Amino acid sequence: MPKVLMKGNEAIAEAAIQAGCRYFFGYPITPQTEIPAYMAKRLPRVGGTFLQAESEVAAINMVYGAAGAGARVMTSSSSPGISLKQEGISYIAGAELPCLIVNIMRGGPGLGSIQAAQSDYFQATKGGGHGDYHLVVLAPSTIQEMVDLTQEGFAIADRYRNPVMILGDGMLGQMMEPVEFPEGKAEDLPPRKWATTGWKGDRPRNVINSLYIDPQELEDHVNRIYRKYEEIKAGEVRVECYNCEDAEIIAAAYGTTSRIVKSVIRMAAREGIRVGLIRPITLWPFPGDCFRKWADKGSVKAFLTVEMSTGQMVEDVSLSVNGKKPVAFYGRSGGMVPDPEDILAEIRKIKGGIPS
Amino acid sequence: MTKVFQRPASLTGKAFHYCPGCTHGIVHRLVAEVMDELNIREDTIGVAPVGCAVFAYDYFNCDMQEASHGRAPAVATGIKRVLPDKVVFTYQGDGDLASIGTGEIIHAANRGEKLTTIFINNAIYGMTGGQMAPTSLPGQVTDTSPYGRKVEESGYPIRMSELLAALEGVAYVERVSVHDVRHINQAKKAIRKAFEYQIAGRGFSMVEVLSTCPTNWGKTPVESLEWLKDNMIPCYPLGVKKEVG
C-alpha cells in the first residue's frame with residue numbers, strides 16, 4: 001500500500017476503522033478533535049456509528065455499554081477530558097471490558113494549556129480512577145507508530161479483556177508524517193461469549209458488572225485481574241533501545257520527547273559523548289527489565305530521564321535502576337517542549353561528573 | 001390443577017433484598033410481567049442503577065449491565081447503538097436519574113434514543129440511608145435536611161417527567177403510582193406502553209413510578225402508601241405527560 005501523508009490524530013482514527021472499530025463515542029477537546037471529526041465523516045460510510053456525547057462522562061459510559069454489548073469500540077480525548085472519564089475507566093477495568101482510549105495530552109493541571117505535554121503519565125500508568133487496576137498504556141513516537149499501536153491496542157484489549165490507552169501528545173496529534181496502513185482485512189473479532197446480546201438460554205445469563213458486595217469475592221476478583229496483569233507483564237512489554245551499546249549515559253524518554261533525545265544523541269556524539277536511549281513503548285507494563293539490564297553494565301555510568309512534565313516516568317526509571325547508577329531528570333512543563341541544546345547541556349553536566 | 005398465578009419468567013426467582021413495604025418489588029414484577037407478555041425477555045438487555053435497585057441484575061432474568069451512578073442512559077445508549085434490534089431498558093431511582101444523572105437522562109431522551117426508562121421516585125435516597133433527593137418534598141425531614149427541606153436553600157422538587165416531556169426526542173412519558181391496586185394496574189399499562197413505543201422505534205419512553213420508602217420515611221408500609229397518596233401525588237400529578245400517538 002502506498003504511503004499517505006496524515007496528521008497523527010487522523011491516522012489513529014483511520015487505523016481504528018481499518019482494525020474493525022465501528023463505534024466511536026467522544027466529545028470535542030483540543031488537541032484531539034480531529035479524531036472525532038474524522039470518525040464523524042468516515043464511520044457512517046462503513047456502516048459504523050459515531051456519536052458526539054453530551055460530555056466525556058457520558059462518552060466513556062457509552063463505551064462501557066457498547067463494549068459490554070460485544071462491539072469493538074473506542075473513545076478519545078485530551079487531558080482534562082480524560083480526567084472526566086476516569087470513573088468510567090475504573091468501571092470498565094473492573095468489569096473487564098475491552099476498548100481503546102486515546103489521550104492526546106496537553107498541559108495541566110486544570111484547564112492548563114492546549115500545547116503538547118506528558119504530564120498525565122501518573123494518571124495513565126498508576127490508575128487514574130479509583131481501585132486496584134491497570135490500563136495497558138502504549139506510547140507512540142511517530143505517526144506510523146500511532147497507526148500500528150492503535151491496531152495492536154485493540155488486539156491487546158481483546159486478548160486480556162482490559163482497556164488499553166494510547167498515550168500521545170499534542171505534538172504527535174497535530175503533526176503530519178507519511179504513513180502506511182497494513183495490507184489485508186482486519187481480523188474477525190474474537191468470540192465474546194460474555195457479552196450482553198440477549199439471553200436465549202444457550203449460555204449462562206451475562207451480567208456486565210464490577211460490584212462484589214462480599215469483600216472476599218471482590219478480593220478474589222481483583223486477584224484474578226492481577227494474575228491477568230502478570231501475564232500482560234510477561235507478554236506485552238515493548239521497548240526500543242537506541243544506541244545503547246557502548247553508551248556511557250542512557251537517556252529515557254517516550255513519545256515526542258524521545259525524538260528530540262535522538263537528535264541530542266547525534267549532537268552529543270559530535271562532542272565525543274556516547275549517549276543511548278531507552279524508549280518505553282509500553283508505559284504500563286513498564287520495561288523495567290531493560291533498565292535493569294543496562295544499569296548492570298559497567299559501561300553505563302548514568303541515566304537521564306527527559307519528559308514534558310516535572311518528572312513522572314523518572315520515578316519508574318529510578319525504581320528500575322534501583323540505585324545502581326545515578327538517575328538525573330530534565331523536563332519542561334505546561335506545554336513547553338525541551339530544546340535539544342538544553343538537554344545537551346544536561347548531558348555535558350552529567351559527563352563532567354563521570355570520573356575519567 | 002391450573003396455575004393462576006406464578007412468578008414471571010422474566011424474574012430469576014432470587015429473593016428481593018428490599019425492605020418490608022418497599023414498592024421496588026412490585027415495580028420489578030410489573031416490568032417482568034410486561035417482558036413476558038410482549039415475549040421480549042430473550043431480546044432484552046437491562047441496565048441497573050446505583051441505589052436500592054443496584055442488584056436489579058440479580059432479579060431480572062435477562063442479560064444485564066450494571067452502570068455507575070446516574071450513567072445508565074449513557075450505558076444503555078452504547079448498548080442500543082450496537083444492538084438496535086434489541087430491547088434496552090434502564091431502571092433508575094431519583095438520586096440516580098434526577099440528581100447525579102440529569103445530564104445523561106436529558107440527552108438520551110433528547111436524542112430520541114430508543115430506550116425505555118423505569119424511573120422510581122420515592123423522594124429520598126434509600127440505599128445510603130435516607131438523605132434528601134432533588135425530589136424530596138418541601139419541608140420533608142431527611143438525614144441531610146434534618147430541619148425539613150428548605151426550598152430557598154435546596155431548591156424545589158424536580159418534576160422529571162414534565163421536564164422530559166418538553167423534549168422532541170421523547171415519544172412517551174407518563175407518571176404513575178403503585179399505592180393501591182387500581183394504580184398498580186394503571187402502572188403496568190404504562191410500562192407496557194413504554195416498551196411498545198421502544199419496540200415500534202418511536203423514540204425515548206419513560207414511566208415515572210411514585211414509590212414508597214417506609215424505612216427511610218420512618219413510617220409503616222401502610223402509612224407510607226397513605227403518605228404517598230396524600231403528599232406526593234399533589235406535588236407530582238399523575239398522568240400522561242407526552243405521547244406522540
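**Notes on a two-chain model**

1. Asn39(B) is exposed, with 9 other C-beta atoms within 10 Å. Here a residue is called buried if 20 or more other C-beta atoms lie within 10 Å of its own, exposed if 12 or fewer, and partly exposed in between, with C-beta atoms placed from the backbone. Asn39(B) is not a glycine, yet it has a positive phi of about 55°. Look for Asn39(B) in the loop between α1 (24-37) and β1 (44-48) of chain B. Helices (H or I, at least four residues) and strands (E, at least two) are DSSP runs, numbered from the N terminus.

2. A word on ground rules. This is a predicted model, in which local features need pLDDT of at least 70 and side-chain atom pairs count only at pLDDT 80 or more, while totals for chains, interfaces and linings use all residues. Residues are numbered from 1 along each chain as its sequence is written, and chains are lettered from A and ligands numbered from 1 in the order in which they are written.

3. Ala123(B) also has a positive phi without being a glycine, this time near 65°. Is Ala123(B) buried or exposed? Ala123(B) counts as buried because 27 C-beta neighbours lie inside 10 Å. Ala123(B) sits in the loop between β4 (116-121) and α6 (151-154) of chain B.

4. Leaving out residues up to four places away in sequence, Lys241(B) touches Ser161(B), Glu162(B), Ala165(B), Val173(B), Glu174(B) and Arg175(B). Contact here requires C-beta atoms, placed from the backbone, to lie within 7 Å.

5. Now chain B as a whole. Chain B has 10 helices and 7 strands, and its C-alpha trace spans about 50 × 50 × 30 Å along the principal axes. For 245 residues a compact globule would have a radius of gyration near 18 Å, and the 17 Å of chain B agrees. That radius is taken over C-alpha atoms, and the globule rule is 2.2 Å times the number of residues to the power 0.38. In chain B, 55% of the 245 residues count as buried. Of the contacts in chain B between residues at least 6 apart in sequence, 67% join residues at least 24 apart.

6. On to the interface between the chains. Here 33 residues of chain A are in contact with 28 residues of chain B. On the chain A side, α3(A) gives the most, with 9 residues. The elements giving two or more residues to that side include β2 (23-26), β3 (49-52) and α4 (79-94) of chain A. Strand β9(A) and strand β2 (residues 63-66) of chain B pair in the parallel sense over 2 bridges, where pairing requires DSSP to find at least two bridges between the strands. Which residue of β2(B) is the bridge partner of Val207(A)? The partner is Met64(B).

7. Chain A is split by the domain assignment into domain 1 (4-193 + 207-235) and domain 2 (240-353); such bounds come from an automatic or database domain assignment. The domain centres, taken over C-alpha atoms, are 27 Å apart. Across the boundary, 27 residues of domain 1 are in contact with 22 residues of domain 2. On the domain 1 side, the largest share, 4 residues, comes from α5(A).

8. Two peptide bonds in chain A deserve a check. The bond from Gly108(A) to Pro109(A) is cis, with omega near 5°, and Pro109(A) lies in the loop between β5 (99-105) and α5 of chain A. Trp284(A) and Pro285(A) are also joined by a cis peptide bond, with omega about 0°. Pro285(A) is in the loop between β13 (282-284) and α10 (288-295) of chain A.

9. Last, helix α9 (residues 255-270) of chain A. At 1.5 Å a residue, its 16 residues should span 22 Å, and the 24 Å between its end C-alpha atoms agrees; the expected span is 1.5 Å times one less than the number of residues. Among the buried residues of α9(A) are Ile260(A), Val261(A), Val264(A), Ile265(A) and Ala268(A). An α-helix has 3.6 residues a turn, so residues three or four places apart point the same way. The cover over the buried residues of α9(A) includes β7, α7, β11 (249-252), β12 (275-280), β14 (302-307) and α12 (340-353) of chain A. Just after α9(A), Gly272(A) adopts a positive phi of about 85°.

Technical notes: Two residues are in contact if their C-beta atoms, placed from the backbone, lie within 7 Å.
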